[in-house]
Amino acid sequence: MGFAVMTLCVVGQSPAQASGDAEDGALSIGAIGDGPRVREARVLLDGWKPGVRARISEWRGGTCVREIRGRKHMTSKQQSRYRYEIATWKLDKGFRHERRICAEVSGHEERMPCVTIKR
C-alpha cells in the first residue's frame, strides 16, 4: 500500500491517458483508467490534517466546466513514517481529450494539481 501511495506523488501537470498523476506542493492527484475513461481518482495531502475536505472538478482552458464530485472528508493514513490524508472517488466516466481533472482541498486553496486527459 505504501508504495502505491508514494507512486502518486510525481511532479508536474501530467498528461494522462486516463492514468496519471500531478503534484502541487503537499497536494497531489492521481487518475486511474483506460483511454479517456477514468475509473478512479485519488487526492493526497502530505501530513495529517484531520477535518480537511477535498473535491475534484473538470477544467477546460482555465475555466471550471463542472464539479465532478463534491466535497468529501479525507481519511488520515500512515505508512511507515509517512503520514497523509487521502480521498478516493470511483468515477467510471469518460472525459474529452485535453480536459483537466483538478483537486481542491480546504485550507489549501492556493494549490490545485491537475491531470490532463489524453486520447
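This is a predicted model: local features need pLDDT of at least 70, side-chain atom pairs count only at pLDDT 80 or more; totals for chains, interfaces and linings use all residues.
Of the 119 residues in this protein chain, 41% count as buried. The chain's secondary structure comes to one helix and eleven strands, and from the N terminus on the order is α-β-β-β-β-β-β-β-β-β-β-β.

**Overall picture**
- The accessible surface of the protein chain is about 6400 Å², and 49% of that surface belongs to carbon and sulfur atoms.
- Taking the contacts between residues at least 6 apart in sequence, 52% join residues at least 24 apart.

**The nonpolar core**
- In soluble globular proteins, nonpolar side chains tend to be buried together.
- Here, the largest nonpolar core has 22 residues, and Ile-29, Val-43, Ile-56, Met-74, Ile-101 and Val-105 are those with the most contacts inside it.
- Two or more residues of this core come from each of the strands E4 (27-34), E5 (37-46), E6 (53-60), E9 (82-94), E10 (100-105) and E11 (114-117).
- Strand E5 gives the largest share of this core, with four residues.

**A look at Ala-26**
- Ala-26 lies in the loop between strand E3 (20-24) and strand E4.
- With a relative accessible area of 35%, Ala-26 falls between the 20% and 50% cut-offs, so Ala-26 is partly exposed.
- Beyond its neighbours within four places in sequence, Ala-26 is in contact with Leu-44, Leu-45 and Asp-46.
- Ala-26 and Leu-45 are 19 residues apart along the chain, and their C-alpha atoms are separated by 5.6 Å.

Terms used: Residues are numbered from 1 along each chain as its sequence is written. Side-chain values use heavy atoms; hydrogens and water are left out. A nonpolar core is a set of buried Ala, Val, Leu, Ile, Met, Phe, Trp, Tyr and Cys residues joined through side-chain atoms within 4.5 Å. Buried means under 20% relative accessible area, exposed over 50%, partly exposed in between (1.4 Å probe, protein chains only). Contact means heavy atoms within 4.5 Å. Accessible areas come from the Shrake-Rupley method with a 1.4 Å probe; for residues, only the protein chains shown count as cover.
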